[in-house]
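Please keep the sequence and the model in view while reading.

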Amino acid sequence: MIGNYLKVVLRNVRRRPVYTLINIFGLGIGIACCFLIFLYVTDELSYDKHFQQSDRLYRVNQSIIFEGEENPVATTPFPLKEALIRDFPALVSSGVRFFNLDKDNISVANPENREIIRQERFYFTDPDVVDLFDIEIVAGNPQGGLDDPNSVIISERVASLYFGDEDPVGKDLRVEGRFLLNVSAVMKEWKDNTHFKSDMLASFESLRGIWGNFDVLTARWRWNPSWTYILLQEGADAANLQSQLDAFSERYYSDFFSEQEQVKLYLQPIEDIWLYSNLEAEIEPTSSYVNIYLFSVIAVLILLIACVNFINLSTAGAIYRSKEVGIRKVLGAEKSGLVTQFMIESILFTLISLVLAAGIIYAALPHFSAFTGKELLVGNLGTGSLVLFSGILLVSIAALSGLYPSAVLTSLKPIDSLRGKLSKGKDGAKLRKGLVVFQFSITAFLIIATALTYFQFNYLQQKNLGFDKEQVLVVPMGMTSAIWSLDQFIDRSSSHNSVLGVTGSSTLLGGSNYWKYDITPEGYAEGDAPSLTKLFVWYDFVETMKINLLAGRSFSKEFSTDETQAVLINRAMVDFLEWGTPEDAIGKTFRIADNTMSVVGVTEDFNHSYLRRELEPLIMELPSNLNQKVANLAYLNIRLAPGNPSDATAHLEEVWGEVDRSHGFDYFFLDDRLNQIYRSEQQLTQILSVFSILAILIGCLGLMGLTAYAVNRRSREIAIRKTLGLSVPGVFALLSKDYMKLIVIAHIIALPVAYLVLNTWFGEFPFQINLNIYLAGMFVVSLLISMVISMLTISSQSLKAARINPAESLRSE
Amino acid sequence: MIKTEHLKKVYTTDEIETTALNDINITVEEGEFVALMGPSGCGKSTFLNILGLLDSPTEGDYYFMGDQVSGLSERERSKIRKGNIGFIFQSFNLIDELTVFENVELPLQYLGKSSEERKQSAESALERMGMLPRRNHFPNQLSGGQQQRAAIARAVVTGAKLILADEPTGNLDSGHGKEVMELLKSLNEQGTTIVMVTHSPLDAEYAGRVIHLLDGKVVDSGVQKEMIS
């Protein structure tokens, strides 16, 4: 009997190829999207789970609470690790710190060829890193050798970068032009699905050679420059340890913090960091669980749209099949047999779609991988998951799309089937309309959500930062010798006519974390004031960064006291301290350390930190001595004239060579770097757009099929109307009227859903587009897009219907 | 073979109630060839559908081969139909996607016959109808007459005792119509009971008895006459 069913399916396919193609193509794209998203989601969920002891690995985060406000950050003080192991031996087995010299990159050279390369992912760390992070040693000391001072484990990639084919073990690398590290081992590359990766792991003890006051620095609890990971003892309960951390913190931190401040420590499972952590000073940018939900929802929606096509086209096409069902019933077929027949059809279609989807996935995967910046491979899933996923897809799609049409067709009395009574039934039409509304609601939601997400992220990037990020070349300065010759470098750089201004800053404007300091504003008692955000800048900061000055003046070398007694503040600070107008604030004072500093100028607010953070009161100060300069001027910001920068950069490189011989000339453009910071958001919008377009495409395919059936079903009505004088546009109007109504209804349903979802999501951002206006705008645009696409689809069918000789349709009845 | 008592069929659509059949009392003996005649809308086809267990009466009793069948479910009716009743329709009702042979063997599949048995019976039925050479054709490759012959082959392939024919010549020209009627006649002569709805007095001539219906009632249940020779 199954052979008979299959024969009928194949012959039906031959008779109505368009219907079949729409079904298979729609389902194929749907399954492919679903699968790609599944790969992506699986990869996201796999982060850090590959560590053998991942269930016992925790990162310790800390939060300084001031006046009830928490400021959680991912970094912790150096002595924390040892103190935890010492105080909780039954709970904490071991721990590892990672420290990057507070720098984005570190200059490393092979002393033999002296070529300096700036290495990111360079950390000073503890010997247990090999055990905790499953470091795979491929050469050298099998234990890694980080017990020895001045030893370093390098990755295979870095090994070939510095030493080519030579054996790197035992060889030296010069770091920051100042000290040598000896390669003790070579490790495999870190797995991609790790929340941070490292290329170079130097022994923590090496820092002793860099810092004369190593013991003092590594005993400070007020300074939190390292990331601390601990391994719990087997069977130890993290909640138990967590409950003792308040007392622990009180024991160690309180001597270093004022009474108004409280430090809290939090244990975070390593497996949670990638998706659930977005703290200040993350070791590398993290992802978000929101993406997982978002993509999963989109996958399900796309699949639903494809299934709705199948249901709609099958029930609409049931008119063709009802006769067959009737005859089969007359000849003795039972309901279960007929349901089996239609389910076999549905499974067969799904199987063919799966094959098509496999082809699409094969073709699209490399692009999708490049797009997401992940190395996504079908093989990553493992055969078990693959078979399970395909099986679940097959069964759920076949059931979703096949059950209803078969129920409709087989529930009819045989005589009704033979009479084609189905075509006149209103329930089927109602359901189809309901499903079309459902489909269009989803597409409308996707169009609106995608567009608004795009606008929101675009707004975040294009938002007036308060400074001009274009044409600014940034040179990282930390610990280079250039800082010793800052004035010389600035003078020599400025001699080029493309260099319009040079200044320094302690953070990267618009894209760095910032630090809070104990500062006492006028009118506050010592220790009563909240910690305030401070930015160290250099002369010409306001001018070079093109920040609007509201009152007073900027720093000037004409005033010899500016380096010790002057500060600039922003408007938010004036408002925060309730000092009245910017003019009123001039001359007000702050106590910083032991100095009294006067406000000499007030600037407009600008985004000195990430756009995801609220604008905060800010104070700007010049480093008052060489030590402060070395410690705080981390970046040089050089404004270039518009046009080709290559001439200017060549000049700057030459000048750099004069002031620093141990670090390569490293630079980047501020706008590029800021765009990079928001890359994940851009990527998210792009992926959303692609999947939305596909969803819309699948929906339109379904609409095309439905109108084709509508034309067929209404051919007699159209013929009669035509004999009475209906024109071609009239046919179009007749066919499109119903669908236009459905599209409007669908949008009315989608609107509040989109509002709720986006309002909640965008609420997380401090700066938002005007949701109501954009939503209203996109509602109209989405409505128009849907209508135009539907009209185009319908018009082709209308033309066909309009051209048929009415006599033909009437005769066929 | 067939006996109805006070059979009634009422259709209810929205607020309108239409009585299609009213108090029908007839008996058809085994081996009879009965024609049902009457103007359009008199209830002939409805009556035939009830006799064929494709539809159920609203009231009254229907005895098929001695068993009361009027209150049965579709599932139970389907079981009785299988193998006992063959249908012939005005519009042939062949499945367009199946070949002539596949159409004819379909009822045997539902009876669970083996492939060998199906092949034998279907070929024999097709041969009787002169359709064996066209066994691999699809319905749309055949003339109306050929399609109806294939449909008759399908109706008789299970060895059904009763054939119900609903205007079997309605879509055929006179030549093909005559061919079909001759086939039915010969089937009847071989012992098959036939109940046929027709508008054509010429076709009715082939029947041994003509029942006239008007407005859902039997106005003349006819008298068995000598078979036309």
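**A strand residue and its surroundings**

A:Asn61 is located in strand E1 (residues 57-66) of chain A; helices (H or I, at least four residues) and strands (E, at least two) are DSSP runs, numbered from the N terminus. The model is predicted, so local features need pLDDT of at least 70 and side-chain atom pairs count only at pLDDT 80 or more, while totals for chains, interfaces and linings use all residues. Residues are numbered from 1 along each chain as its sequence is written, chains are lettered from A and ligands numbered from 1 in the order in which they are written, and side-chain values use heavy atoms, with hydrogens and water left out.

Is A:Asn61 buried or exposed? With a relative accessibility of 5%, A:Asn61 counts as buried, where buried means under 20% relative accessible area, exposed over 50%, and partly exposed in between (1.4 Å probe, protein chains only). The side chain of A:Asn61 makes a polar contact of 2.9 Å with the side chain of A:Arg59, and another polar contact of 2.9 Å joins the side chains of A:Asn61 and A:Gln268. A polar contact is a pair of N or O atoms within 3.5 Å; within protein, one must be able to donate a hydrogen and the other to accept it, and residues adjacent in sequence count only if both atoms are side-chain atoms. Leaving aside neighbours within four places in sequence, the residues in contact with A:Asn61 include A:Val73, A:Lys264 and A:Leu279 (contact means heavy atoms within 4.5 Å).

A:Lys264 also takes part in a salt bridge, its side chain meeting that of A:Asp246 at 3.0 Å, N to O. A salt bridge is a side-chain nitrogen of Lys or Arg within 4 Å of a carboxyl oxygen of Asp or Glu. Because A:Lys264 lies in strand E13 (residues 261-269) of chain A and A:Asp246 in helix H8 (residues 238-253) of chain A, the pair ties together parts that are 18 residues apart in sequence. A:Asp246 is partly exposed, at 38% relative accessibility.

Over all chains, a search of the whole structure finds 35 salt bridges. In one of them, A:Asp562 and A:Arg553 meet through their side chains at 2.8 Å, N to O; A:Asp562 is buried at 1% relative accessibility, whereas A:Arg553 is partly exposed at 22%.

Another salt bridge joins A:Asp487 and A:Lys557, with the closest N and O atoms 3.8 Å apart. A:Asp487 belongs to helix H16 (residues 486-494) of chain A, and A:Lys557 to the loop between strand E19 (549-552) and helix H18 (562-565) of chain A, so that distant parts of the chain, 70 residues apart, are linked. A:Asp487 is partly exposed at 36% relative accessibility, while A:Lys557 is exposed at 56%.

A sheet comes next. Four strands of chain A form an open sheet in the order E15-E24-E14-E25, with antiparallel pairing; two strands pair if DSSP finds at least two bridges between them. Its edge strands, each pairing on one side only, are strand E15 (499-505) and strand E25 (668-669) of chain A. Five bridges join the antiparallel strands E14 (residues 472-476) and E24 (residues 635-640) of chain A. A:Val474 has A:Asn637 in E24(A) as its bridge partner.
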